[in-house]
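Reader: I would like to learn how to read the helices, cores and sheets of a model. Please take one feature at a time.

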Amino acid sequence: MPADLNDYFNKKNKNSNENNQKNFNFKMSDFKFFGKISPFVYTIAILIIFVILIKPFVIINSGEMGIKSNTGKYDPEPITPGLHFFLPFIQKITIIDTRIRQINYASFEGANENLSFGSGVINKNSISVLDSRGLPVFIDVTVQYRLNPSQVPQTIATWGLNWENKIIDPVVRDVVRSVVGKYTAEELPTNRNTIAAQIEEGIGKTISTQPNKPVELRAVQLREIILPSKVKEQIERVQIAKQEAERAKYEVERANQEALKKAALAEGEANATIISAKGKAAAVKIQADAQAYSNKEIANSLNNSLLTLKQIETQKEFNEALKINKDAKIFLTPGGAVPNIWVDTKDTKKQSSLQ
């Protein structure tokens, strides 16, 4: 039994040693293969690291232009958007923003002359101006502009990367001071539109006369005119006085209108009364004329035969009356008029008989 166990362990150890030797031989062969390809891998890795560190290419986006410099000398032709390669240490490509940019001259708090990175907006303090009498006035202006894409290399070569503070800023300040300085502080608010047009025209004309036209002006906006407090108070008093004068004028006009209205109503009523009276008079006249015409026609229609007939009829009526009251008295009027009958009403017996 012990012998058998020894044989078993000896065989097992032998097999284990053989397996370890095979594994060791396999790993050594792997190292030999890796040793053959390692120079190539190292070369590729070094090239990749070199490209990453040196970066001999640049990507130019839309709204940008590139300037290539060879040993410090700018190429006059701008580089358009896309992927471009260059030789490190010898060539360099500078990316310039050609999109619309903006400068705000404003009095808001914290408006420093700092450019927010990538925003294309520069904030500056309000422009201080002296009016025609020497009073300080502050003007808020917004200017929009862009680089001329075709002249980017020449512009940067002439003015440098800080071209905005050399081309735009001094022109804006000079034109604003020149235009506003012609007016008094009190005249500025009422001439705001004229001043805004003059400032825009002056800035545009000055920038367009620059050599090679480096900048395209897009818009100039006069945002606010900040007057001294005393001038503002004076203007407010004048405005209040004008409003009161306008109000008084309005009240006078209103009173005049009311008076004219009442006069017109009275005149209308008088005319109506006159017209009514004339109408009534005309009606009376027409009626009188009609009566006169009627009487005339009746008179014209009377003749001897008709009068004789009327007398006979009247005599008949008298005869009838006398038959009823024999004591009735007849009075004849002169001129052949119809006689009147009078009854003595004091005789009660006759009255009773008449009844």
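Reader: How many residues has α3, and what does it reach from its first C-alpha to its last?

Author: This is a predicted model, where local features need pLDDT of at least 70 and side-chain atom pairs pLDDT 80 or more, while totals for chains, interfaces and linings use all residues. Residues are numbered from 1 along each chain as its sequence is written, and side-chain values use heavy atoms, without hydrogens and water. Helices are DSSP runs of H or I with at least four residues, strands runs of E with at least two, numbered from the N terminus. α3 has 17 residues and reaches 23 Å, close to the 24 Å expected at 1.5 Å a residue (1.5 Å times one less than the number of residues).

Reader: Which residues have the most contacts inside the largest nonpolar core?

Author: In soluble globular proteins, nonpolar side chains tend to be buried together. A nonpolar core joins buried Ala, Val, Leu, Ile, Met, Phe, Trp, Tyr and Cys residues through side-chain atoms within 4.5 Å; buried means under 20% relative accessible area with a 1.4 Å probe, protein chains only. Here the largest core has 39 residues, and Ile139, Ile168 and Val176 have the most contacts inside it. Its largest share, eight residues, comes from helix α3 (residues 164-180).

Reader: In what order do the three strands of the open sheet lie?

Author: Strands of a sheet pair through backbone hydrogen bonds, either parallel or antiparallel. Pairing requires at least two DSSP bridges. The order here is β3-β2-β5, with antiparallel pairing. β3 (73-74) and β5 (91-97) are the edge strands. β2 (residues 64-70) pairs with β5 over seven bridges, and Lys68 stands opposite Ile93 in β5.

Notes. Buried < 20%, exposed > 50% of the residue type's maximum accessible area, 1.4 Å probe, protein only.
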